Amino acid sequence: MAIVDLHLHTTYSDGRLKPAQLVRLCADRGLEVIAVSDHDSTEGLDEVFETASELGGLTVIPAIELSTDIPGSEIHMLGYFVDRHDPELQSALTRFRDGRGHRARRMVERLAELGVEVSWERVKELSGGGAIGRPHIAQAMVEAGHVRYPKDAFDRYLSRDGPAYAERAKLTPREAIAMLRANGAVPVMAHPTYSASKSDRDEVAQLREILTELKEEGLAGMEVYYGDYSPDQVEYLAALARELDLIACGGSDYHASGNPGEPEPGSVGPPLDAVDALRAASGRAAP
Ligand code: AMP
Ligand code: ZN
Ligand code: FE
Ligand code: FE
């Protein structure tokens, strides 16, 4: 068990635990430092901080996860120590969430064309007004009896090359890095390589070259200790992070997704010195 988990989601994006529930679970599991990193939203963070201070003993790093496009694939960019009171950031996040809403609607329409009826109202309800994502559609498909687990919905319909997939406008990785740096957040590449449990998650092609380029733009780290990565994957990424002088970060990417075998909070995470390195890179003082 790790004492640090720097990748967690709540109901403000596609996680299924409320911030307070997630924080309590993390504390119960013995975590000491957590980062809550919802997709395109910082709205859960007030509740995260409130709950953590009620419980005591848990350090919280405010974070965000942005999706970016590269040709034929995507890269997720985490931003640590994000300043959620930055109006420019918030207006960009509102735009991204709007884009997510339209795109989710298109995917529900595509599913209907394929004879897979899910209620758009139910999908919206499952999103709880937060950043809507494919996991909400997948959950509605489970409820409607079309698939057994959310993951099956991805495997059969919702993955990038699946028949119901729809695109939305996204940033490029360098735009995301610039946006995070302008905010004062520390950019870290999420899950840089193949994940066995996520069907459309390919290895980032030419990872070394891309990391080298993005480091010049301000990339500070990448995930190494991630989700279901095997010891070989972790070893490969740890060596690459050392070689390129990137902070080796990581976490469970816990969503309470309902998929069998999902990594729980604290089942994987980086050593504590990753937290010190992120804090130093942010220029923010320790609490
Ligand atoms: P979206 O942000 O709408 O593109 O959805 C991406 C999210 O879907 C990721 O953050 C994961 O939580 C989830 N996801 C992606 N691929 C899979 C998969 N194969 N099985 C289950 N969940 C997945
Ligand atoms: Zn997610
Ligand atoms: Fe991600
Ligand atoms: Fe994530």
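**Close-up 1. The start of helix 4, with serine 119 and glutamate 121 in view.** In this predicted model, a side-chain oxygen of serine 119 comes to within 3.3 Å of the backbone nitrogen of glutamate 121. Helix 4 covers residues 120-127; helices (H or I, at least four residues) and strands (E, at least two) are DSSP runs, numbered from the N terminus. Trp120, Val123 and Ser127 are its buried residues, where buried means under 20% relative accessible area, exposed over 50%, and partly exposed in between (1.4 Å probe, protein chains only). These three span an arc of only 60° around the axis, so they sit on the same side of helix 4; the arc is that of the directions from the helix axis to the C-beta atoms. On the face turned away from this buried side you will find the exposed residues Glu121 and Glu125. The buried residues pack against helix 3 (87-113) and helix 5 (134-143). Just after helix 4, glycine 128 adopts a positive phi of about 60°.

**Close-up 2. The iron ion (ligand 3) and its donors.** Glu65 (OE), His76 (ND1) and His191 (NE2) coordinate the iron ion (ligand 3) at 2.0 to 2.2 Å. Donors are N, O and S atoms within 2.8 Å of the metal (3.2 Å for Na, K and Ca), and because water is not among the atoms, sites may look incomplete. The spacing of the donor residues in sequence is E-x10-H-x114-H. Glutamate 65 belongs to strand 3 (residues 59-70) and histidine 191 to the loop between strand 5 (186-189) and helix 8 (207-217), so the pair ties together parts that are 126 residues apart in sequence. Both glutamate 65 and histidine 191 are buried. The zinc ion (ligand 2) lies 5.6 Å from the iron ion (ligand 3).

**Close-up 3. Tyrosine 157 in helix 6 (residues 150-158).** With 14% relative accessibility, tyrosine 157 counts as buried. Leaving aside neighbours within four places in sequence, tyrosine 157 is in contact (heavy atoms within 4.5 Å) with Leu111, Leu114, Val116, Met141, Gly162, Pro163, Ala164 and Tyr165. The C-alpha atoms of tyrosine 157 and leucine 114 are separated by 9.4 Å, with the two residues 43 apart along the chain.

**Close-up 4. Threonine 51 in helix 2 (residues 45-55).** Threonine 51 has a relative accessible area of 4% and is buried. Setting aside neighbours within four places in sequence, its contacts are Ala20, Val23 and Arg24.

**Close-up 5. The second largest pocket and its lining.** This pocket has a volume of about 190 Å³. On a 1 Å grid over the protein atoms alone, a pocket is an open set of points with protein on both sides within 12 Å along at least five of seven lines, while a cavity is a set of points where a 1.4 Å probe fits but cannot get out; lining residues have an atom within 4 Å of a point. Grid points are joined across faces, edges and corners, and a volume is the space filled by probe spheres set on the points. Helix 8 gives the largest share of the lining, five residues. Helix 7 (173-183) and helix 8 each supply at least two lining residues.

**Notes for all views.** Residues are numbered from 1 along each chain as its sequence is written, chains are lettered from A and ligands numbered from 1 in the order in which they are written. Local features need pLDDT of at least 70 and side-chain atom pairs count only at pLDDT 80 or more, whereas totals for chains, interfaces and linings use all residues; side-chain values use heavy atoms, with hydrogens and water left out.

Terms used:
Polar contact = N/O pair within 3.5 Å; in protein donor to acceptor, adjacent residues only side chain to side chain.
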